[in-house]
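Please keep the sequence and the model in view while reading.

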Amino acid sequence: MPALSPTMDTGTIASWALKEGDSFSAGDVLCSIETDKASVDYEVQDDGFLAKILRQGANAVDLKIGTPICVITEAKEDVPAFANYSVDDKDAQGNATEAAPPAATSSTAQQAPVTVPSPLGTYVLMPSARHLAESKGLDATVLAPGSGKDGRVTKGDVLQAIAKNALPTLAVKQQATSHSTAPADSPTNAPAQSAAVPAAAPLSLGDLIAHEIVTEGSHEDVANSKMRKIIAKRLTESKREVPHFYTSFNVALDNVLRLRKTLAKDHEIKVSVNDFVIRCCALALRDVPEVNGTLSSSDGCVKYLDTIDISVAVATPTGLITPILFNANHKGLAEIAETVKDLATRARDGKLAPHEYQGGTFSISNLGMFGISEFSAVINPPQAAILAVGGGARTLVPTPYKENGDGKASPPSIATLLTARLSADRRVVDEATAALFGQAFTHYMNQPQLLLL
């Protein structure tokens, strides 16, 4: 199993492109491997023949780096020699050898005598077991040694014995004890023998445990993909270790929408609102470089990066991936629209190269096209910030107050507003810096003609 990315610890073989006995040349695809980010084609470096596939299907899930996955040979006549080769046999033999000592210990433990407390002492019963037995008038000390610690009888042992009707009553046991200790001709023994004690009525677990009422319907368990497991692990670590703080700001979209229509009508340039957001973020990061930083894990220093590489969140069937738009501050709207469309298409098809989704200095997650008004995003380390963008909505905007006005208030207006929320790492970005970024971003969104320069 090769390491196809710097952060890859394990991999899953999604499919094999070749069959056993097939020949291949340098550069041919041997198999498709699902890494922590995407499905990557594994290309061979030399010519040869695929002699044996060692891992496939359920046996090829979450394989550690360096695990043998196949056997290749240089000559075709060597292929039949590996027809019955398997690494599982060696692993099974090693496991059997390791399991032998515990088995011997278990047999020795069975031969050794077990010392248990006297059955007459109630200390062999767990409190819950004693309460249950006494409430039913039964003697549970005969179950010693039980399944509890130091051979103590548990409530579960008593329930199982009750279900089997295997417990004597307390009165019968006391009578048997007095009979065994007193002489056979003792006059005190006669009344005890003549007094017949009725046997306990057989009980079942149904008499003691209420039947469970099932209210849930049928369901299906679907295994998480490798990518979703890695995403869950990384985001959990981010929320646990990175001190998040959030700043929200409303942005008017009316000028952006008008310019978007003009570009489409007069210049046949189709750009989305998300393309405007990316361009505005790139310029805001250029103006406020303190947000375009990261925290060094080695010395704890804050590093401000020279390049502005924006990661754009893209939803795929296997999970969320963030392809990178490199040098976003040097790209125009048309180039951003074309590049993002290409990255998103290849991300959904699993055709991204590792360098196209690993790294980045800032992230954008836009759920506005899904009808989400606002949300909070989780920072993607080692980045220091991520911008969560919601959808635009027509909103009634009140008239701003003017202290030196003529006393006549203008009527309120209706504007299309979106809510953007910046999640930032407090170790790198402070509240004032986040506010400056929000002001710069809002400035460029309100005057989109500046994006054309």
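**Spaces, helices and backbone**

Among the elements that line the largest cavity, α10 gives the most, with three residues. The model is a predicted one, in which local features need pLDDT of at least 70 and side-chain atom pairs count only at pLDDT 80 or more, while totals for chains, interfaces and linings use all residues. Residues are numbered from 1 along each chain as its sequence is written, and side-chain values use heavy atoms, with hydrogens and water left out. Helices (H or I, at least four residues) and strands (E, at least two) are DSSP runs, numbered from the N terminus.

Rolling a probe the size of a water molecule over the atoms shows where empty space is left. On a 1 Å grid over the protein atoms alone, a cavity is a set of points where a 1.4 Å probe fits but cannot get out, whereas a pocket is an open set with protein on both sides within 12 Å along at least five of seven lines; lining residues have an atom within 4 Å of a point. Grid points are joined across faces, edges and corners, and a volume is the space filled by probe spheres set on the points. By this rule there is one cavity of 30 Å³ or more, and the space in the largest cavity is about 30 Å³. Its lining is made of Val-312, Val-314, Pro-323, Val-340, Leu-343 and Ala-344. Residues are sorted into classes, with Ala, Val, Leu, Ile, Met, Phe, Trp, Tyr, Cys and Pro as nonpolar, Asp, Glu, Lys and Arg as charged, and the others, Gly among them, as polar. In these terms the lining of the largest cavity has six nonpolar, no polar and no charged residues.

Turning to the open spaces, the largest pocket holds about 890 Å³ of space. It is lined by 36 residues, and those closest to its centre are Arg-234, Ile-379, Asn-380, Pro-381 and Pro-382. At least two lining residues come from each of α7 (226–241), β9 (293–295), β13 (319–321) and β15 (362–366), and the largest share, seven residues, is that of α7. By class, this lining has 17 nonpolar, 12 polar and seven charged residues.

The second largest pocket holds about 750 Å³ of space. Of the 33 residues that line the second largest pocket, Ser-272, Asn-274, Asn-366, Met-369 and Phe-370 lie nearest its centre. Two or more of its lining residues are given by each of α9 (273–287), β12 (314–316), α10 (333–348), β15 and β18 (413–425), with the largest share, six residues, coming from α10. The lining of the second largest pocket divides into 19 nonpolar, 10 polar and four charged residues.

How do α9 and α10 pack against each other, and at what angle? Axes are lines fitted to C-alpha atoms, for helices over the stretch in contact, and angles run from 0 to 180 degrees between N-to-C directions; on this basis α9 and α10 pack at an angle of about 115°, with their axes 9 Å apart. Their crossing is right-handed, a crossing being left-handed if the near helix is turned anticlockwise from the far one by less than a right angle, and right-handed if clockwise. Contact means heavy atoms within 4.5 Å, and here Asp-275, Phe-276, Ile-278 and Arg-279 in α9 meet Leu-333, Ile-336, Ala-337 and Val-340 in α10.

Helix α9 also packs with α11 (residues 431–446), at an angle of about 135° and with the axes 8 Å apart. Angles under 35 degrees count as roughly parallel, over 145 as roughly antiparallel, 65 to 115 as roughly perpendicular and the rest as oblique, and α9 and α11 are therefore oblique to each other. The crossing of α9 and α11 is right-handed. Residues in this contact include Phe-276 and Cys-280 of α9 and Phe-437 and Tyr-444 of α11.

Elsewhere, α2 (127–135) and α3 (155–163) pack at an angle of about 30°, with their axes 7 Å apart, and are therefore roughly parallel to each other. In the loop between α2 and α3 lies Pro-145, and the peptide bond from Ala-144 to Pro-145 is cis, with omega near 0°. Another cis peptide bond, with omega near 5°, runs from Pro-381 to Pro-382, and Pro-382 is found in the loop between β15 and β16 (385–389).
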